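Please describe this structure for a reader who is meeting it for the first time.

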Amino acid sequence: MTTDYASLLAGVHTDLWIDGNWCLPHSGERFEVIDPATERPITTVASASSEDCRAALDAAERGLETWSRKSPRERGEALRKAWELMMREHERLARIITLENGKSLSDARGEVAYAAEFFRWNAEEAVRICGRISHAPQSGARIMVHHKPAGIALLVTPWNFPAAMATRKIGPALAAGCSVVIKPASATPLTMLALVPLLAEAGVPPGVVNVVPSRRSRQVVADMLADLRVRVVSFTGSTEVGRALISEAAHNVVRPCMELGGNAPFIVLDDADLDAAVEGAMIAKMRNMGEACTAANRFYVHQSLLAEFSEKFAARMGALKTGNGLSEGVSVGPLIDAAARERVASLVADAVRRGARLLTGGRAPTGPGFFYLPTVLTDVAADAAVVRDEIFGPVAAIQAFRTDEEVVRLANACEFGLTAYVFSRDLSRGLQLSERLEVGMVGLNRGLVSDPAAPFGGVKLSGLGREGGSEGIQEYLETQYIAVRW
Ligand code: NAD
């Protein structure tokens, strides 16, 4: 198929969005955005310099002044309107996501609805920011506790969910009364550029939301973190970069909210409903072609179910249609770039070298496009790289286990702790096992945990803080206590 980039991008601006205006970058620098399905450039986008980012912070400072004084209801109504506008633009936004990220249209449509929901959910949270008042035990004074917007938030987002990872941060930040500067991933800046005018249309004043794509991410983010006006840094991406940002944030004691890498175990106990487990595995593995931090990475299947589970799962994986995500009926699009495909191919090669059996896939189809076929490996060695590393691709690595004790030990023997999946017909056994897992989120008889109404986040090297639920807004609030006598 030939993709008509101009019509898919009709109305999308590709400059910097600062203070409610499209601005040219000071340096005049631009960078290409590549279509991962064809390897062709889609368009170019303005690259912000540190000077542009300073202008964005100046705008955010003015934006904070206006926005933090709005009533919670006004803020909530703008967010609610933003949800409506995103749903109005649902199909257009989904196509832009597919274009630059590669995911299938059905995944992209799901992402737009999920992303928009962070605006609706936080519209409701905006009016429920509660403080408290109590008697000081001894002095006779009152202890009054209330919450204020934390200040300017710097939001740095990844390429795998270009809409949802942004709205999951913008929604609570705006509900709390903060202003923001967003640095979208360089591989996928177009979605955010398409989205931001909707916030303006919804009534969010100039300066409250600023967008600065940049090919110099490291420099511009470091420079913004060195500016005392930034009080929160919310980052979603790799643990490696997250770690660097935490240490940069330390200098000005900026609050870090970090959603980092994962390596989710997918556990099928001997009493699991096998068909439900296979269905759950398809969702947990293949949403977003496996390019999700919540993606099932290590499959632990009870010895008694191993053969049947592997066979059914491999048949489902092998039947998925791979192709350009913009074509209806395709469920597996390309990976984000050539390096991502190389990584996935080398993980599979390493596993096979260590004795794994390939049940389906295991190769890249002929190009163009960064495609890799859905792959299932069984008899995978415990020390294979595919088990230790986050795969971030459509590859499932299955190992057998015999006892609950053993599987808990295997699942927890990992530096990451974002998500785990457990399948069992016995809810009590499943819950007890879930509680023992060192992760922030568990899908119990479910292959999907993400929900704007639930606290998303991890433990260990998977992150700090939570997004969504009633917890998400807390990252953008400061607590103030007033000792008062009356
Ligand atoms: P990445 O860390 O390479 O990039 C994330 C963002 O940081 C991008 O905007 C990038 O331009 C920017 N960046 C890169 N280097 C930087 C630096 N030195 N200083 C400042 N900014 C920098 O991650 P990615 O490849 O875009 O995303 C994949 C990773 O994200 C995976 O590890 C995945 O697990 C993780 N992820 C986590 C969650 C979660 O909620 N826990 C969600 C999605 C993705």
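Helix α7 (residues 190-201) has nine of its 12 residues buried, so this helix is largely enclosed by the rest of the structure. The buried residues are L190, T191, M192, L193, A194, L195, V196, L198 and L199. Here a residue is called buried when its relative accessible area is under 20%, exposed when it is over 50%, and partly exposed in between, with a 1.4 Å probe and protein chains only. Helices (H or I, at least four residues) and strands (E, at least two) are DSSP runs, numbered from the N terminus. After α7 comes G203, which has a positive phi, near 105 degrees.

The model is predicted, so that local features need pLDDT of at least 70 and side-chain atom pairs count only at pLDDT 80 or more, while totals for chains, interfaces and linings use all residues. Residues are numbered from 1 along each chain as its sequence is written, and side-chain values use heavy atoms, with hydrogens and water left out.

**Pockets**

Rolling a probe the size of a water molecule over the atoms shows where empty space is left. On a 1 Å grid over the protein atoms alone, a cavity is a set of points where a 1.4 Å probe fits but cannot get out, whereas a pocket is an open set with protein on both sides within 12 Å along at least five of seven lines, and lining residues have an atom within 4 Å of a point. Grid points are joined across faces, edges and corners, and a volume is the space filled by probe spheres set on the points.

The largest pocket has a volume of about 1,100 Å³. It is lined by 41 residues, of which W159, F235, G237, S238 and V241 are the closest to its centre. At least two lining residues come from each of α8 (217-225), β10 (230-236), α9 (239-251) and α12 (338-353), and the largest share, seven residues, belongs to α9. By class the lining holds 20 nonpolar, nine polar and 12 charged residues, where Ala, Val, Leu, Ile, Met, Phe, Trp, Tyr, Cys and Pro count as nonpolar, Asp, Glu, Lys and Arg as charged, and the others, Gly among them, as polar. Because domain 1 (5-260 + 462-483) and domain 2 (264-451) both give residues to this lining, the largest pocket lies between them; the domain bounds come from an automatic or database domain assignment.

The second largest pocket has a volume of about 330 Å³. Among the 19 residues that line it, D107, I283, R287, N288 and L448 are the closest to its centre. Helices α5 (105-125) and α10 (274-286) each supply at least two residues of this lining, and α5 gives the most, with five residues. The lining of the second largest pocket also draws at least three residues from each of domain 1 and domain 2.

**Salt bridges**

A salt bridge is a side-chain nitrogen of Lys or Arg within 4 Å of a carboxyl oxygen of Asp or Glu, and by this rule the count comes to 33. Three of the pairs are set out here.

| Pair | N to O distance |
|---|---|
| E29 and R216 | 2.5 Å |
| R429 and D270 | 2.8 Å |
| E438 and K460 | 2.7 Å |

In the salt bridge of E29 and R216, E29 lies in the loop between β2 (21-23) and β3 (30-35) and R216 in the loop between β9 (209-211) and α8, so the pair ties together parts that are 187 residues apart in sequence. E29 counts as buried at 19% relative accessibility, whereas R216 is partly exposed at 42%. D58, E61, D227 and R229 are linked in a network of salt bridges.

**Aromatic pairs**

Rings of Phe, Tyr and Trp (its six-membered ring) pair if their centres lie within 6.5 Å, and planes under 30 degrees apart count as stacked, over 60 as edge-to-face and the rest as tilted. The structure holds nine aromatic pairs. F266 and Y421 form a tilted pair, 5.7 Å centre to centre with 35 degrees between the planes. F266 is in strand β12 and Y421 in strand β18 (residues 419-423), 155 residues apart, and both are buried. The rings of F266 and F423 have their centres 5.1 Å apart and their planes at 25 degrees, so this pair is stacked. F266, F299, F309, F313, Y421 and F423 form one aromatic cluster.
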